[in-house]
Amino acid sequence: MPISVVMPALEMAQETGKLVSWKKKEGEQVKKGEMLLEVETDKAVVEIEAGGDGVLSGVTAKVGDVVPVGQTIAWLLKPGEAVPTGGAQSQSGRKMESAPAATAAAAPAAPEPASVAGAKISPKARRLAREHGVDIARLKGSGPGGEILADDILKAAQAASGPAPVPSAPAPAFAAQAPPPAAAARPTSPPPAAPSGPADAVSSIGRIMAERTTQSWTTVPHFFVARDVDATALNATREGLIPVIEKSHGVKITHTDLMVSAVARALKTFPRMNGSWVGSGVSLNADINVALAMAVDNAVVTAVIRNADKLPLGAIAKQRKELSERAKANKLQPADISGATFTISNLGMFGVDAFTAIIVPPQAGILAVGAIADRVVAVDGMIGIRPMVTLTLSSDHRIIDGARAAQFMQEVVGTLSDPGKWLA
């Protein structure tokens with residue numbers, strides 16, 4: 001029977017996906033497992049495999065279209081089959097609700113935004129409209145058929161509130177990316193004309209990254225806790241494990257692998273740091289999935305090591321290597337980038353001493369790791385030279401307070417300062 005090609009749901013609460021490209025042409029034979037199309041979500045551009053064999057037929061979505069999740073956009077047909085009629089839409093379990101007509105009500109504590117009768121709005125967009133006080137009646141949806149999407153609500157809320165205030169803390173950088181621009185005072189004279197030279201093209205992933213980090217920096221209340229760690233024992237442990245892990249898993253262990261293992265154990269001790277801000281409250285995640293920020297062409301992606309607290313170091317090292325290779329080849333799959341509960345961004349290999357990183361919502365925090373370098377420090381009341389590394393934790397103040405963040409960092413520092421204890 002004909003196989004429908006639908007816009008997939010790659011993330012929780014995803015409402016739509018943007019078609020970036022077709023890997024096959026209409027009328028071309030497709031085999032199960034072959035790359036069929038590329039879809040852009042609010043996190044990444046992901047290649048989607050064909051779910052079966054057949055000839056690509058009945059294509060209804062073109063490159064650039066934003067399509068609701070679950071909607072059929074093409075068919076895979078076998079000889080003698082035809083494109084079904086009256087079944088162009090395949091439901092995925094996500095429902096778009098019609099917004100009721102606006103009605104007058106006695107002054108509630110949190111008024112429901114007005115809406116246009118018959119307008120379509122997703123449940124997520126409705127919730128955001130309620131939280132931000134956005135009047136749906138004034139919006140024109142950007143989704144198919146004029147559907148009001150979450151992005152429409154967020155843009156309207158930002159426009160109503162004006163530029164975000166400049167935080168007192170220094171603007172952070174998320175891995176290798178530039179920090180989002182801080183709000184500036186309005187100029188008294190016209191701004192200078194844009195340079196006439198060639199512009200640096202931004203990839204789809206780069207644009208997504210820019211939008212997500214700007215949204216995080218302007219809506220999440222960041223605060224920062226930094227600690228210096230003596231890496232003497234950490235270096236010795238890694239050197240001792242290199243031949244062991246290479247023999248057992250065929251990969252060279254890195255400092256990042258040790259960081260992932262140490263952080264995962266600390267997250268188990270401090271479950272709130274592994275939580276998420278959802279709606280208007282904190283949700284504690286059952287699994288500990290640590291994401292690693294990885295630089296790719298003109299962007300940064302976050303690839304996920306799942307259940308990191310339960311994995312031996314060799315398995316962590318192997319997964320990290322495989323994810324890195326797929327990221328560089330632009331071959332990350334949906335499972336590689338979804339479900340993270342905490343993120344680590346390591347710029348030590350670039351010689352960066354210390355930096356602050358932008359939180360990836362809805363996560364509670366992100367740990368920025370600098371370079372391990374010899375420094376002059378106090379040792380047992382005397383001056384000595386030790387390999388030191390600076391860790392900087394960015395936390396969402398809605399989920400974590402300063403004391404808990406400091407305790408979490410204390411746990412991480414203690415673990416890294418004596419790795420032999422927990423590795424045993």
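I153 is buried, with a relative accessible area of 0%. Here, buried means under 20% relative accessible area, exposed means over 50%, and partly exposed is what falls in between, using a 1.4 Å probe and the protein chains only. This is a predicted model, where local features need pLDDT of at least 70, side-chain atom pairs count only at pLDDT 80 or more, and totals for chains, interfaces and linings use all residues. Residues are numbered from 1 along each chain as its sequence is written, and side-chain values use heavy atoms, with hydrogens and water left out.

Back to I153, which sits in helix α2 (residues 150-161). Helices (H or I, at least four residues) and strands (E, at least two) are DSSP runs, numbered from the N terminus. Skipping its neighbours within four places in sequence, I153 makes contact with A125, L128, A129, V134, L139 and I148; contact means heavy atoms within 4.5 Å. L154 is in helix α2 as well, but it counts as partly exposed because its relative accessible area is 23%. Not counting residues up to four places away in sequence, L154 touches L128, H132 and Q215.

Now for the whole chain. The protein has nine helices and 19 strands, and buried residues make up 43% of its 424 residues. Of the contacts between residues at least 6 apart in sequence, 61% join residues at least 24 apart.

How confident is the predictor? The score is pLDDT, the predictor's confidence in each residue, from 0 to 100. Its mean for the protein is 81, and 77% of the residues reach 70 or more. Residues 87-118 stay under 50, and the model has 57 contacts for them beyond four places in sequence. Residues 163-189 are also below 50, with 47 contacts in the model beyond near neighbours in sequence.

On to the cores. A nonpolar core is a set of buried Ala, Val, Leu, Ile, Met, Phe, Trp, Tyr and Cys residues joined through side-chain atoms within 4.5 Å. The largest one has 74 residues, and those with the most contacts inside it are W22, L37, M273, F342, I344, L391 and F408. Helix α5 gives the most to this core, with eight residues. A second, separate core has 10 residues, including I121, L128, V134 and A150. As for W22, leaving out residues up to four places away in sequence, it touches V5, L36, L37, L56, V59, A61, V63, I73 and A74.

Next, the second largest pocket, with a volume of about 580 Å³. On a 1 Å grid over the protein atoms alone, a pocket is an open set of points where a 1.4 Å probe fits, with protein on both sides within 12 Å along at least five of seven lines; lining residues have an atom within 4 Å of a point. Grid points are joined across faces, edges and corners, and a volume is the space filled by probe spheres set on the points. This pocket is lined by 26 residues, with T256, A293, N346, M349 and F350 lying nearest its centre. The elements giving two or more residues to the lining are α5 (255-269), β14 (290-296), α6 (313-328) and β16 (342-346). The largest share, five residues, comes from α6. By type, the lining divides into 15 nonpolar, eight polar and three charged residues. Ala, Val, Leu, Ile, Met, Phe, Trp, Tyr, Cys and Pro count as nonpolar, Asp, Glu, Lys and Arg as charged, and the others, Gly among them, as polar.

E49 is found in strand β5 (residues 45-49) and counts as partly exposed because its relative accessibility is 43%. Apart from neighbours within four places in sequence, E49 is in contact with G33, E34, M35, L36 and Q333. Here are some C-alpha distances:

| Pair | Apart in sequence | C-alpha separation |
|---|---|---|
| E49 and G33 | 16 residues | 5.1 Å |
| I153 and L139 | 14 residues | 8.2 Å |
| L154 and L128 | 26 residues | 7.5 Å |

Most residues other than glycine have a negative phi, and most peptide bonds are trans. N307 has a positive phi of about 50°; it lies in the loop between β15 (299-305) and α6 and is partly exposed at 26% relative accessible area. D380 has a positive phi near 50°, lies in the loop between β18 (373-379) and β19 (382-396), and counts as exposed at 78%. The peptide bond from P361 to P362 is cis, with omega near 5°, and P362 lies in the loop between β16 and β17 (365-369).
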